[in-house]
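Please look over the following structure with a view to its helix geometry and its backbone angles.

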Amino acid sequence: MHYYGNMIEKTQFSTLRSADTNRKVIAAAREAFLRDGFGGTSMDDLASAAKVARRTLYNQFGSKENLFRAVVTDMWGRIDPAELIEEAAAGKGPKEGLQAIGLALASHWASPTVIAFLRLAIVEGERFPELPRSFYKYGKEPIVLAVQAYLERMVQDHVLYIEDTLIATQQFIGMLNEPLLWMRLIDTDSNVDAARCADIANRAVRLFFAGYGAKT
């Protein structure tokens, strides 16, 4: 029993150490990509910045493209789609639930780092088409699908009348993206505070229900 107990402790320690190394590598990669660009950053550069062996980098991530995906996943990971939707649906009215979702998305786009990373994916996307695809697939797509599922639930409950929930989802997110994302891609000095995020989310929800609210 003592032997197996030691083995379990060693396995848990190894797992924790690996997770800590991954976090360190992802943080270093995020800074390196933003500073030097995807094309201008090598795996040797990343290993040096993260203070890990090059072999460790390849063992953990396999390629620079995979590391980019890991950074994207980490950045969007602050929004847990399933948790957000369940929280929005439980104990809240339909508008309040959608408002919570909108505020989470608005707060996400308020981050200058997220904006800078999207700009990087767009600028280098011609040379590396995987970058914008990864930004969407590993970041935004899970959010889109979760919001769509939430809207479908409200349609089933006869709260909203929507013929195409995917289009409606894109329209709702678009009302957040226009003031919080696209203009800030152009105006690099623009910042958005918490009060502005809340106001934009509230307005988006009001407009959305004005257009899609079930007529009684």
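Q: Which residues of helix 9 are buried, and which helices do they pack against?
A: In this predicted model, the buried residues of helix 9 are T165, A168, T169, F172, I173, L176, N177, L180, L181, R184 and L185. An α-helix has 3.6 residues a turn, so residues three or four places apart point the same way. The buried residues of helix 9 pack against helix 6 (94-109), helix 7 (112-123), helix 8 (130-156) and helix 10 (194-212).

Q: Which residue caps the N-terminal end of helix 9?
A: The backbone nitrogen of L166 lies 3.1 Å from a side-chain oxygen of the capping residue. That residue is D164.

Q: Is K51 buried or exposed?
A: K51 is found in the loop between helix 2 (43-50) and helix 3 (54-61), and its phi is near 60 degrees, a positive value in a residue other than glycine. Because its relative accessibility is 71%, K51 counts as exposed.

Q: What is the phi of H158?
A: H158 lies in the loop between helix 8 and helix 9, and at 66% relative accessibility it counts as exposed. Its phi is positive, although the residue is not glycine, with a value near 65 degrees.

Methods. Residues are numbered from 1 along each chain as its sequence is written. This is a predicted model: local features need pLDDT of at least 70, side-chain atom pairs count only at pLDDT 80 or more; totals for chains, interfaces and linings use all residues. Side-chain values use heavy atoms; hydrogens and water are left out. Buried means under 20% relative accessible area, exposed over 50%, partly exposed in between (1.4 Å probe, protein chains only). Helices (H or I, at least four residues) and strands (E, at least two) are DSSP runs, numbered from the N terminus. Contact means heavy atoms within 4.5 Å. A polar contact is a pair of N or O atoms within 3.5 Å; within protein, one must be able to donate a hydrogen and the other to accept it, and residues adjacent in sequence count only if both atoms are side-chain atoms.
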